[in-house]
Amino acid sequence: MLFCPECDHAAPADGDWVVRDRDRDGVEALTCPACGATLTVRRRFAAIAA
């Protein structure tokens with residue numbers, strides 16, 4: 001369960017959080033759907049071709 005530090009919105013990690021691309025280097029931000037606060041910024045890994 002993740003909690004927004006700004007508005008106390010709560011949802012599972014795979015819940016209603018908004019994932020936004022931050023740049024073309026594969027970095028994305030997880031933001032709150034209620035207030036738009038950024039919870040985390042992380043590097044997105046490309047899928048490995050099988």
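Mentor: One term before we start: a strand here is a DSSP run of E with at least two residues, numbered from the N terminus. And keep in mind that this is a predicted model.
Trainee: Fine. Where does Asp8 lie?
Mentor: In the loop between β1 (2–3) and β2 (10–11).
Trainee: Is Asp8 buried or exposed?
Mentor: Exposed. Its relative accessible area is 63%, and the cut-off for exposed is over 50%.
Trainee: What about the phi of Asp8?
Mentor: Phi is near 70° there. That is a positive value, in a residue other than glycine.
Trainee: Switching to the sheet. Which strands form it, and in what order?
Mentor: There are 3 strands, ordered β3-β4-β5. The sheet is open and the pairing antiparallel.
Trainee: Which strands stand at the edges?
Mentor: β3 (18–21) and β5 (38–43). Each has a single partner strand, so one side of each is left without a neighbour in the sheet. From one strand to the next, the twist averages 25°.
Trainee: How many bridges are there between β4 and β5?
Mentor: 5 bridges, with β4 covering residues 27–31. Within that pairing, Ala29 stands opposite Val41 of β5.
Trainee: Now the core. Which residues make up the largest nonpolar one?
Mentor: It has 6 residues: Cys4, Ala11, Trp17, Leu30, Cys32 and Ala37.
Trainee: What is Leu30 in contact with?
Mentor: Leave aside neighbours within four places in sequence. Then the contacts of Leu30 include Leu2, Trp17, Val19, Ala37 and Leu39. Thr38, Thr40 and Arg42 are among them too.
Trainee: Why would nonpolar side chains be together?
Mentor: In soluble globular proteins, they tend to be buried together.

Technical notes
Residues are numbered from 1 along each chain as its sequence is written. This is a predicted model: local features need pLDDT of at least 70, side-chain atom pairs count only at pLDDT 80 or more; totals for chains, interfaces and linings use all residues. Side-chain values use heavy atoms; hydrogens and water are left out. A nonpolar core is a set of buried Ala, Val, Leu, Ile, Met, Phe, Trp, Tyr and Cys residues joined through side-chain atoms within 4.5 Å. Buried means under 20% relative accessible area, exposed over 50%, partly exposed in between (1.4 Å probe, protein chains only). Contact means heavy atoms within 4.5 Å. Two strands pair if DSSP finds at least two bridges between them. Helices (H or I, at least four residues) and strands (E, at least two) are DSSP runs, numbered from the N terminus. Axes are lines fitted to C-alpha atoms, for helices over the stretch in contact, and angles run from 0 to 180 degrees between N-to-C directions.
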